[in-house]
Amino acid sequence: MTVCGFLVDVHCLGVKNTIEPEVIGAGSLPAYLRRYYSAFDRPPLSIQLDQARTIVHGAVA
């Protein structure tokens with residue numbers, strides 16, 4: 001699968017940072033997510049793909 005990351009300020013400042021697409025095996029996703037969210041002191045929230053897409057596209061606009 002291909003994964004990437006977007007750091008978005010949902011209040012007003014848009015996209016703050018991105019992580020370019022990376023191809024990983026499906027079994028590598030849990031390790032990728034741990035690494036991606038390691039800077040945060042709370043676990044990530046689970047949302048639907050269309051919600052994430054709306055947030056990122058709205059931040060870009």
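Author: Start at Asp9, which stands opposite Gly14 in β2. The model is predicted, so local features need pLDDT of at least 70 and side-chain atom pairs count only at pLDDT 80 or more, while totals for chains, interfaces and linings use all residues. Residues are numbered from 1 along each chain as its sequence is written, and side-chain values use heavy atoms, with hydrogens and water left out.

Strand β1 covers residues 2–9 and β2 residues 14–23; the two pair in the antiparallel sense, over seven bridges. To pair, two strands need at least two bridges found between them by DSSP. Another bridge partner is known by name: Thr2 has Val23 in β2. Four residues form the hairpin that joins β1 to β2. In a regular strand, side chains alternate between the two faces of the sheet.

Two helices and two strands make up the protein, in the order β-β-α-α from the N terminus.

Arg35 belongs to helix α1 and Glu22 to strand β2, so the pair ties together parts that are 13 residues apart in sequence. A search of the whole structure finds one salt bridge. Glu22 is partly exposed, with a relative accessible area of 32%; buried means under 20%, exposed over 50%, and partly exposed in between, using a 1.4 Å probe and protein chains only. By that rule, 11% of the 61 residues of the protein count as buried.

Leu33 also lies in helix α1. Its relative accessible area is 37%, so Leu33 is partly exposed. Its C-alpha atom is separated by 9.0 Å from that of Pro44, eleven residues away along the chain.

On a 1 Å grid over the protein atoms alone, a pocket is an open set of points where a 1.4 Å probe fits, with protein on both sides within 12 Å along at least five of seven lines; lining residues have an atom within 4 Å of a point. The largest pocket has a volume of about 1400 Å³, a volume being the space filled by probe spheres set on the points, which are joined across faces, edges and corners. It is lined by 32 residues, and those closest to its centre are Phe6, Tyr36, Tyr37, Ile47 and Ala52. Each of β1, β2, α1 and α2 supplies at least two residues of this lining. The largest share, seven residues, comes from β1.

Ile47 is partly exposed, at a relative accessible area of 42%.

Notes
A salt bridge is a side-chain nitrogen of Lys or Arg within 4 Å of a carboxyl oxygen of Asp or Glu.
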